[in-house]
Amino acid sequence: MKKKEDLFKDSWEIVKKNKILFFPNIIILSINVLLVLILFFITGLFKILIENDPSNIAKVFLSGEFIFFVFLYLIISTLMDNFFLTMKYGLIKDVLLKKKTNFSNGVKFAKEHYWTTLGIHILSFLIIYVPLILLGIVLFTFLPQNGLIAAAIFIPLMIVYLIFIAIRLLFVYPTMTFEKKGAYNSLKEDFHFVKTHLHHTMVTWLVILLIGIVTAMIKRGIEPLQGILFQQVVFLGFLLAIAIIALEMAVSVWEHVYIFKSYLVGKKRKRKKK
């Protein structure tokens, strides 16, 4: 039986040996940078920023044209990002099951499972936000004169619910990827897996949370230095910005590998117990 620390180390080793797993993240980043630049050019914001005209910046942000293009950007970005996220899941699956993969296999997986992944995104969004919106409506409707009390009730409940849902949805993408289920059945299977592997799920989630906190602390410690370097030596500030992006990307890829591998380990342990 594998130990938790082996799972942790093995995931990092897989990331280090399979640089192809970074391709989807790099493509997503490149697409979003390009889309933001296009947004800035179309709305005239790029020109205003170059001219350093603060009075016109507010006008652009509040204009109907800018709001429309931001909304359009969000839609295009979501649809394109979803393809490469699905591609990453396919690459991770091949690496974990076959020990190797290639770009074309990832593209093939993305084409086959694009709509399933998008469906999971939509259903997850509804699961997360609809109950919170309804709770907010109920609290602020029945306590209209006591906004502070309503907020004092709503905020703790929201935090607890978000943690609960984060745990319940932890293995939804591995479920979709390995079991080849549809969006609804992937969510259903994921909920069942978490329920029957609660201890394993909690350990996985806590490890991910801890790594996220450490990464955020490192980033927060570096950012002031980045600001100083940008003012003094632009090139060094730019290099540090790239280093921060690389760190976030490495952690993101590792998180997915760790969660997917953890799912397989959990299933294997369950079969051994039977």
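Contact here means heavy atoms within 4.5 Å. By that criterion, Phe84 touches Pro24, Ile27, Ile28 and Ile31, leaving aside residues up to four places away in sequence. The model is predicted. Its chain has eleven helices and zero strands.

**Overall fold**

- The chain has 274 residues, and 38% of them count as buried.
- Read along the sequence, the pattern is α-α-α-α-α-α-α-α-α-α-α.
- The C-alpha trace spans about 70 × 55 × 40 Å along its principal axes.
- Take the contacts between residues at least 6 apart in sequence: 71% of these join residues at least 24 apart.

**Phe84**

- Phe84 sits in helix α5.
- Is Phe84 buried or exposed? Its relative accessible area is 13%, and buried means under 20%, so Phe84 counts as buried.
- Its contacts include Pro24 and Ile31.
- Phe84 and Ile208 are 124 residues apart in sequence, and their C-alpha atoms are 22 Å apart in space.

**Helices α6 and α7**

- Two packed helices are described by the angle between their axes and the distance between the axes.
- Helix α6 covers residues 103-142 and helix α7 covers residues 147-168. Their axes come within 10 Å and cross at roughly 165°.
- That angle makes α6 roughly antiparallel to α7, because angles over 145 degrees fall in that class.
- The crossing of α6 and α7 is right-handed.
- On the α6 side, the residues in contact are Ile127, Ile128, Pro131, Leu132, Leu135, Gly136, Leu139 and Phe140.
- On the α7 side, they are Gly147, Ala150, Ala151, Ile153, Phe154, Leu157, Met158, Tyr161, Leu162 and Ile165.

**Aromatic pair Phe8 and Trp254**

- A search of the whole structure finds 17 aromatic pairs.
- In one of them, the ring centres of Phe8 and Trp254 lie 5.4 Å apart, with the planes at 65°. The pair is therefore edge-to-face, since planes over 60 degrees apart count as such.
- Phe8 belongs to helix α1 (residues 4-17) and Trp254 to helix α11 (residues 234-273), so the pair ties together parts that are 246 residues apart in sequence.
- Phe8 is partly exposed, at a relative accessible area of 27%.
- Trp254 is buried, at a relative accessible area of 0%.

**Aromatic pair Tyr89 and Phe260**

- The ring centres of Tyr89 and Phe260 are 5.5 Å apart and the planes stand at 25°, so this pair is stacked. The cut-off for stacked is under 30 degrees.
- Tyr89 is buried, with a relative accessible area of 2%.
- Phe260 counts as buried, with 1% relative accessibility.

**Aromatic cluster**

- Which residues form one aromatic cluster? They are Tyr89, Phe171, Tyr173, Phe178, Phe193, Phe260 and Tyr263.
- Tyr89 and Phe260, the stacked pair, are among the members of this cluster.

Technical notes: Residues numbered from 1 in each chain as written. Predicted model: local features only at pLDDT ≥ 70, side-chain atom pairs only at ≥ 80, totals over all residues. Heavy atoms only, no water. Axes fitted to C-alpha atoms, helices over the stretch in contact; angles between N-to-C directions. Helix = DSSP H or I, 4+ residues; strand = E, 2+ residues; numbered from the N terminus. Parallel < 35°, antiparallel > 145°, perpendicular 65-115°, else oblique. Left-handed = near helix turned anticlockwise from the far one by under 90°. Phe/Tyr/Trp six-rings, centres within 6.5 Å; stacked < 30°, edge-to-face > 60°. Buried < 20%, exposed > 50% of the residue type's maximum accessible area, 1.4 Å probe, protein only.
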